[in-house]
Amino acid sequence: MPHDPADLLLRRGIQVTAQRLAVLRAVIGQAHTTADAVAEVVRTEIGAISLQSVYDTLSLLATEGLIRRIQPAGSPARFEDRVGDNHHHLICRICGRTVDVDCAVGFAPCLTAMDGKGYEIDEAEVVYWGRCPDCVAKSRASSRSEPPLARRRSQRRK
Ligand SMILES: [Zn+2]
Ligand SMILES: [Zn+2]
Ligand SMILES: [Zn+2]
């Protein structure tokens, strides 16, 4: 069943406004988007909106479970509409590209703490950091364009 944003809001008992609809649509349209990017999309759709209103709407939608907020270390929060599963993320250290990766276990917390210290643990935050295929290819290409070392010496015949 396709996601109808208005329907999603109504089912959670959230009043449907043009602003909420536009924010939710922006997140559905672009996975792992940032608040800044959402604001840009929303402005083209409904006109002026403050970044603060975008933040407020995003946190309302996240609190209601319609969207998920991920907060990678050292980068702005990202939002996605893939909720209700315990998927993780691969993040490129160079360009920041973020993609989903399914959880091998499927439910949270998928890692068991050696010692839970009496905490009731409900989630293990798993982020895989590395370099995406494009950035790996780029770094290979740039190392290839460096002048090759002279590998062969001319050999003299006796
Ligand atoms: Zn990259
Ligand atoms: Zn995701
Ligand atoms: Zn997992």
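## Contacts and overall composition

In this predicted model, 42% of the protein's contacts with a separation of 6 or more are accounted for by residues 24 or more positions apart. Of the 158 residues in the protein, 30% are buried.

The protein contains 5 helices and 6 strands. Along the sequence, these elements follow the pattern α-α-β-α-α-β-β-β-β-β-α.

## The zinc site

The zinc ion (ligand 2) has five kinds of entry in its list of protein donors: His32 (NE2), Glu80 (OE), His87 (NE2), His89 (NE2) and Asp100 (OD), which lie 1.9 to 2.3 Å from the ion. The spacing of these donor residues in sequence is H-x47-E-x6-H-x1-H-x10-D. His32 belongs to the loop between helix 2 (18–29) and strand 1 (33–34), whereas Glu80 belongs to strand 3 (residues 78–80); the pair therefore ties together parts that are 48 residues apart in sequence.

Buried means under 20% relative accessible area. His32 therefore counts as buried, at 8% relative accessibility, and Glu80 counts as buried at 1%.

## The packing of helix 3 and helix 4

Helix 3 (residues 35–46) and helix 4 (residues 51–63) have axes that come within 10 Å and cross at roughly 110 degrees. The two helices are therefore roughly perpendicular to each other.

On the side of helix 3, the contact involves Ala35, Asp36, Val38, Ala39 and Arg43; these meet Leu51, Val54, Tyr55 and Leu58 of helix 4. Sorted by class, this contact has 7 nonpolar residues, 2 charged residues and no polar residues.

Notes:
Residues are numbered from 1 along each chain as its sequence is written. Chains are lettered from A and ligands numbered from 1 in the order in which they are written. This is a predicted model: local features need pLDDT of at least 70, side-chain atom pairs count only at pLDDT 80 or more; totals for chains, interfaces and linings use all residues. Side-chain values use heavy atoms; hydrogens and water are left out. Donors are N, O and S atoms within 2.8 Å of the metal (3.2 Å for Na, K and Ca); water is not among the atoms, so sites may look incomplete. Helices (H or I, at least four residues) and strands (E, at least two) are DSSP runs, numbered from the N terminus. Buried means under 20% relative accessible area, exposed over 50%, partly exposed in between (1.4 Å probe, protein chains only). Axes are lines fitted to C-alpha atoms, for helices over the stretch in contact, and angles run from 0 to 180 degrees between N-to-C directions. Angles under 35 degrees count as roughly parallel, over 145 as roughly antiparallel, 65 to 115 as roughly perpendicular and the rest as oblique. Contact means heavy atoms within 4.5 Å. Ala, Val, Leu, Ile, Met, Phe, Trp, Tyr, Cys and Pro count as nonpolar, Asp, Glu, Lys and Arg as charged, and the others, Gly among them, as polar.
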